Amino acid sequence: PLLASAHESSCICLWSIQGNLMKKLLPFSKHPSGPLTALCTDTFIKILLTGSKEGYIIRWNIASFLEDSRNRKNKIKEELCWRAHATEVVDLFIEEEKNVVATASIDGSVRLWHARTGYYFGYFGQARKFELSDTSRLILPSDVKDFSAIIKEESQHMEKKKVIYPLTLDRDK
């Protein structure tokens, strides 16, 4: 068994059932995910999905880590990041049989996405039927402008550098 907690600092903590911290994760995708507001796993606990206050979904592969968490070679891999909503994600779940992720936001919308690619299928309440087999047409919701980003395996989390910009007076301006 594994417990996962999502935090306002974008950090995910994985805990053993005894309460020991096993791993701390920070996303390293190009988009800042912001405070995490939702998370879920698939049935076999191989995939971890997180949702953020800014509307992003991040897909993590945790399978090799859980096989042997003491082996440092078995890392948790951030695989995919996409903007699902323009506002806060309040819930999400993965449906493995259809390979679909459903996301819900405070804007009242519930949307369907392809679980491996972040491809947008549509929203609940739309006039057309969901076409879950066709992922060739690249479409996005009207309030989202960014396509999903596949995370390279060699990517690493970048620490934020503190930069000081002194204020200077430019009398000519």
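User: What should I know before reading the numbers?
Analyst: This is a predicted model, in which local features need pLDDT of at least 70 and side-chain atom pairs count only at pLDDT 80 or more, while totals for chains, interfaces and linings use all residues. Residues are numbered from 1 along each chain as its sequence is written, and side-chain values use heavy atoms, with hydrogens and water left out.

User: OK, how many salt bridges does the structure hold?
Analyst: The structure holds one, where a salt bridge is a side-chain nitrogen of Lys or Arg within 4 Å of a carboxyl oxygen of Asp or Glu. The side chains that meet in it are those of Glu79 and Arg59, at 2.7 Å from N to O.

User: And where do Glu79 and Arg59 sit?
Analyst: The pair links distant parts of the chain, 20 residues apart, with Glu79 in strand S7 (residues 77-83) and Arg59 in strand S6 (residues 56-61). Strands (E, at least two residues) and helices (H or I, at least four) are DSSP runs, numbered from the N terminus.

User: Is Arg59 buried or exposed?
Analyst: Arg59 counts as buried, at 10% relative accessibility, whereas Glu79 counts as partly exposed at 25%. Buried means under 20% relative accessible area, exposed over 50%, and partly exposed in between (1.4 Å probe, protein chains only).

User: Switching to cysteines, how many disulfides does a search of the whole structure find?
Analyst: The search finds zero, with a disulfide taken as a pair of cysteine sulfur atoms within 2.5 Å.

User: Which residues form the nonpolar patch on the surface?
Analyst: Met22, Ile45 and Leu66 form it, and together they have about 190 Å² of accessible area, from the Shrake-Rupley method with a 1.4 Å probe, where for residues only the protein chains shown count as cover. Met22 lies in strand S3 (residues 21-25) and is partly exposed, with a relative accessible area of 30%.

User: Last one, where is Lys98?
Analyst: Lys98 is in the loop between strand S8 (89-95) and strand S9 (100-105), and this residue is exposed, with a relative accessible area of 53%. Its C-alpha atom is separated by 9.2 Å from that of Ser133, 35 residues apart along the chain.

How values were computed:
Patch = residues over 30% accessible without salt bridge, like charges linked within 9 Å, V, L, I, M, F, W, Y side chains within 5 Å.
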